[in-house]
Amino acid sequence: MTLSFRPLSLLALLWALTLPAQAQGALEQAQSHWYAGRQAEAVNTLEAALTTQPRDAKLRFALAWMRQEQGQTGSAEQLLRSLIEEFPDHSEAQNNLAVILAQRGDLDAAQHLLERAVQLHPEHWQAQENLGDLLLRLAQRAYLRAAQSPAPGSVQLKLKLLEPLLRAPQR
């Protein structure tokens, strides 16, 4: 299955959020390092800024995003869980944590987070798309379970029809 979920991008984060001057400077500097291929410097910039602004949700989210992009999902997950606990209305953090959980196969927890993200921010297109992709995977799971019983042939047909959607290329 090639279905993929996408976290909110750092660039989208900068466009979507207004930041205090100090945090904005650190975030812009980190972004500049990141897109120049200096990911370690970007992470170091955010970590340094967080020593003086440990409760800054935008800096914490950006650090979680960078760690997620680097494949450090355990660290990203921990940061996102902490962020959601402290800021329960942070829809971007919920979307990104859902991406990690869905990739790990925890579809039910991912669904809960995506539904919450969409409830908080109905125009959050990435959360909407991720929820749609997740619902396709949940449908596949249900059909596969049904196919293990003496289910009618319609279950096999539905699985076959679902396959192209699950393999559809992502933007």
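The crossing of helices α6 and α8 is left-handed (the near helix is turned anticlockwise from the far one by less than a right angle). The structure is a predicted model, in which local features need pLDDT of at least 70 and side-chain atom pairs count only at pLDDT 80 or more, whereas totals for chains, interfaces and linings use all residues. Residues are numbered from 1 along each chain as its sequence is written, and side-chain values use heavy atoms, with hydrogens and water left out.

Helix α6 spans residues 91–104 and helix α8 spans residues 125–147. Their axes (lines fitted to C-alpha atoms, for helices over the stretch in contact, with angles from 0 to 180 degrees between N-to-C directions) come within 10 Å and cross at roughly 25°. Helices α6 and α8 are therefore roughly parallel to each other (an angle under 35 degrees). Contact (heavy atoms within 4.5 Å) joins Asn95, Val99 and Ala102 of α6 to Gln126, Ala127, Asn130, Leu134 and Arg137 of α8. The residues of this contact comprise four nonpolar, three polar and one charged (Ala, Val, Leu, Ile, Met, Phe, Trp, Tyr, Cys and Pro count as nonpolar, Asp, Glu, Lys and Arg as charged, and the others, Gly among them, as polar).

Helix α6 also packs with helix α4, which covers residues 57–69, at an angle of about 20° and with the axes 11 Å apart. Helices α4 and α6 are therefore roughly parallel to each other, and α4 passes α6 in a left-handed crossing. From α4, the contact involves Phe61, Trp65 and Gln68; from α6, it involves Glu92, Ala93, Asn96, Val99 and Ile100. Five nonpolar residues, two polar and one charged make up the contact of α4 with α6.

Of the 171 residues, 44% count as buried (under 20% relative accessible area, 1.4 Å probe, protein chains only).

Technical notes. Helices (H or I, at least four residues) and strands (E, at least two) are DSSP runs, numbered from the N terminus. Angles under 35 degrees count as roughly parallel, over 145 as roughly antiparallel, 65 to 115 as roughly perpendicular and the rest as oblique. Buried means under 20% relative accessible area, exposed over 50%, partly exposed in between (1.4 Å probe, protein chains only).
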